[in-house]
Amino acid sequence: METTPQSPADEKPLVLLSQPLFPEFAAALAGRYRFVLAADADAAAAAVARVLLVPGLAPVTAEHLARLPALELVAGTSVGVDHVDLDNCRSRGLSVTNAGPAFAVDSADYAVGLVVAVLRRVAAADAYVRRGRWAADGDYPLATKVSGKRVGIVGLGNIGSRVARRLAAFGCAVSYHSRSPKPSSPYTFVPALLDLAAGSDVLVLSCALTDETKHMVNRTVMEALGKDGVLINVGRGGLVDEPELVRCLRDGAIGGAGLDVYANEPAVPPELFGMDNVVLSDHRAVITPESIRGVLEVVTANLDAFFSGRPLVSPVQL
């Protein structure tokens, strides 16, 4: 990759990368921008770079940002930006963008899939049949219905609002908890997370991870959700006190969980592997070929807007 700063005659704006670009992005953007890995950039390139593009969830620390004195924009490719030192960005007056609504549809679909899979024990029934136990031991035990359940959603943003609409179509009674009520929402706002959990059969996490939301789902919240309650997490692993989640599942304090995210990815608590009331996946909720194309459009629009002096399309409030 080139490591020299952009010259006035160079038509391609310089964009530093926190890590290598996804192949799909590289193929689509190579002709529009000049990409340089931040770790490989020489002092001249680092001194003039105005944009840092952050593919994936690699941490962007104050130390990384300090190397870039001319930086103005940190452009993310994810919805959550907890991997970026936002306090540092705020103090320097940097703009930060994320993926906007690009992942919302697929994440919402996946969250509903996890609800169905956990309540109806889809994965466990599949394993039961594959092991030949249907013929040997008879029918797999009955599991509870989805329709009509009380669903509490934590974070009624792009993802949460779509989860709500989908589960409302199942006849579920939907309520939500967020920083403030959504005036246009038809669903019931619950100011306290503990009260939301106590009044729900299913608790769906779809909010951002911040200092305020870290471990917001602790043992007290899970016990309020109850022995038949189900926890679904398509937000961030750090929203949940993971050791307490393992204990609550082991002790029967909650009825099950559908987890796509974890506290220390790619590590997953091994105690979960043997629990047939838990459905696990590897941070896949957001990713489909269609969503990748959507994120590419958002990233391209943000870069184009920045370099042409227009408003950014998916700015993060710092």
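Predicted model: local features only at pLDDT ≥ 70, side-chain atom pairs only at ≥ 80, totals over all residues.
1. Let's start with strand 9, where four bridges join strand 9 to strand 10 and the two run parallel.

2. In general, strands of a sheet pair through backbone hydrogen bonds, either parallel or antiparallel.

3. Which residues of strand 9 lie on one side and which on the other? Val 202 and Val 204 are on one side, Leu 203 and Leu 205 on the other, and all of them are buried, with both faces of the strand covered.

4. Follow the chain onward and you get a right-handed β-α-β unit, made by strand 9, helix 10 and strand 10. Helix 10 (219-225) and strand 10 (230-233) turn up again as packing partners of helix 11, along with strand 11 (256-259) and strand 12 (278-280). What packs against them are the buried residues of helix 11.

5. Helix 11 spans residues 242-251, and its buried residues are Glu 242, Glu 244, Leu 245, Val 246, Cys 248 and Leu 249. After helix 11 comes Gly 252, which has a positive phi, near 80°.

6. There is also a five-stranded open sheet to find, with parallel pairing and the order 2-1-3-4-5. Its edge strands are strand 2 and strand 5 (95-97), each of which pairs on one side only. On average, neighbouring strands of this sheet are turned by 25° against each other, direction ignored.

7. Within that sheet, strand 1 (residues 14-17) pairs with strand 2 in the parallel sense over four bridges.

8. Next, the rings: the structure holds six aromatic pairs. One of them is Tyr 33 with Phe 307, a tilted pair at 5.9 Å centre to centre with 35° between the planes. Why is this pair worth a look? Tyr 33 lies in the loop between helix 1 (23-29) and strand 2 (34-37) while Phe 307 is in helix 12 (residues 289-308), so the pair ties together parts that are 274 residues apart in sequence.

9. Phe 307, at 26%, counts as partly exposed. Phe 307 also pairs with Phe 306: the ring centres are 5.1 Å apart and the planes are at 80°, so this pair is edge-to-face. Phe 306 is buried, at 13% relative accessibility. Tyr 33, Phe 35, Phe 306 and Phe 307 together form one aromatic cluster.

10. Where does Ser 178 sit? Its place is in the loop between strand 7 (173-177) and strand 8 (188-189). Ser 178 is buried, with a relative accessible area of 12%, and its side chain reaches the backbone oxygen of Ser 180 at 2.6 Å. Leaving aside neighbours within four places in sequence, Ser 178 is in contact with Leu 156 and Phe 189.

11. The other serine is Ser 161, found in helix 8 (residues 158-168). Ser 161 is buried too, with a relative accessible area of 17%. A polar atom of the Ser 161 side chain lies 3.4 Å from the backbone oxygen of Asn 158. Although Ser 161 and Ala 104 are 57 residues apart along the chain, their C-alpha atoms are separated by 9.1 Å.

Terms used
Residues numbered from 1 in each chain as written. Heavy atoms only, no water. Buried < 20%, exposed > 50% of the residue type's maximum accessible area, 1.4 Å probe, protein only. Polar contact = N/O pair within 3.5 Å; in protein donor to acceptor, adjacent residues only side chain to side chain. Contact = heavy atoms within 4.5 Å. Phe/Tyr/Trp six-rings, centres within 6.5 Å; stacked < 30°, edge-to-face > 60°. Pairing = 2+ DSSP bridges. Axes fitted to C-alpha atoms, helices over the stretch in contact; angles between N-to-C directions. Right-handed = clockwise from strand over helix to strand, strands pointing away.
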